[in-house]
Amino acid sequence: MRIEVRDASRRRIGRIEVDPARRPTRVNIEGADREVFLDWDRALDDARHLRRCVVCGCSELFRAKAFPQVTSFVVVLAFAGAVVGALGYATTPPILVAMVVVLAADVVILLLARQRLVCHRCRSSYHGLPVARYHRAWDRAVAERHSPAPQPAPLRTSPRIRTWLKRITRERTTT
Ligand SMILES: [Zn+2]
């Protein structure tokens, strides 16, 4: 299977190709002089399906569609087709044929799209592997639990408000 590895702050590190049967613990990033350490402890279930993220150890993965690389190009073409249609130029046969071709490409892409697994915590993604049934789609509640903690905003108050705050807290403690 192929893993698009990300670090704890979800920054992309690179791509690795691993054989789950061999459970490699140190793998070189493709085309980079860097290694990643994989944790296979309880990562596979009894049916040899991936259960937890081998990069960060998180047990919550979600399934998503992995689209082939031509997808963004076809999306741009479809958007151009929609604009041409909206402007009323889609009347000549060559343009209609082109729009049908784009539509066919969309359908083929949907059929070719494969399942991938994505880690809720580090967002590393796993491609080219059988996905166990118990993995669900992306879930907002789970995602919020794993979202990085928001940094507290620096308290900026004017001196007047600060003295006012001090006064009301003093009043509260004395009464
Ligand atoms: Zn992870």
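Helix α1 (residues 71–86) has 16 residues, which at 1.5 Å a residue should span 22 Å; its end C-alpha atoms are 22 Å apart, so the two values agree. The expected span is 1.5 Å times one less than the number of residues. Helices here are DSSP runs of H or I with at least four residues, strands are runs of E with at least two, and both are numbered from the N terminus. Gly 88 follows α1 and has a positive phi, near 85°.

The model is predicted: local features need pLDDT of at least 70, side-chain atom pairs count only at pLDDT 80 or more, and totals for chains, interfaces and linings use all residues. Residue numbers start from 1 along each chain as its sequence is written.

The protein is divided into two domains. Domain 1 covers 1–65 + 116–175, and domain 2 covers 68–112. These bounds come from an automatic or database domain assignment. The C-alpha centres of domain 1 and domain 2 lie 36 Å apart.

Six strands form an open sheet with mixed pairing, in the order β2-β1-β7-β6-β5-β8. Strands β2 (12–17) and β8 (136–137) are the edges, and each pairs on one side only. Two strands count as paired if DSSP finds at least two bridges between them. Strands of a sheet pair through backbone hydrogen bonds, either parallel or antiparallel.

Val 5 has Gly 14 of β2 as its bridge partner. The two strands form a hairpin with five residues between them. Arg 10, in the turn, has a positive phi of about 70°. β1 also pairs with β7 (residues 125–127), antiparallel, over three bridges. Here Ile 3 is partnered by Tyr 126 of β7. Phe 62 has Arg 136 of β8 as its bridge partner.

The largest nonpolar core has 15 residues. Such a core is a set of buried Ala, Val, Leu, Ile, Met, Phe, Trp, Tyr and Cys residues joined through C-beta atoms within 7 Å. A residue is buried if 20 or more other C-beta atoms, placed from the backbone, lie within 10 Å of its own. Val 5, Val 36, Cys 53, Val 55, Leu 61, Leu 117 and Cys 119 touch the most other members. β1 and β6 (114–119) each give two or more residues to this core. β6 gives the most, with three.

Cys 119 touches Cys 53, Val 55, Cys 56, Cys 58, Leu 61 and Ser 124, not counting residues up to four places away in sequence. Contact requires C-beta atoms, placed from the backbone, within 7 Å.

Notes: Buried ≥ 20, exposed ≤ 12 C-beta atoms within 10 Å, placed from the backbone. Contact = placed C-beta atoms within 7 Å.
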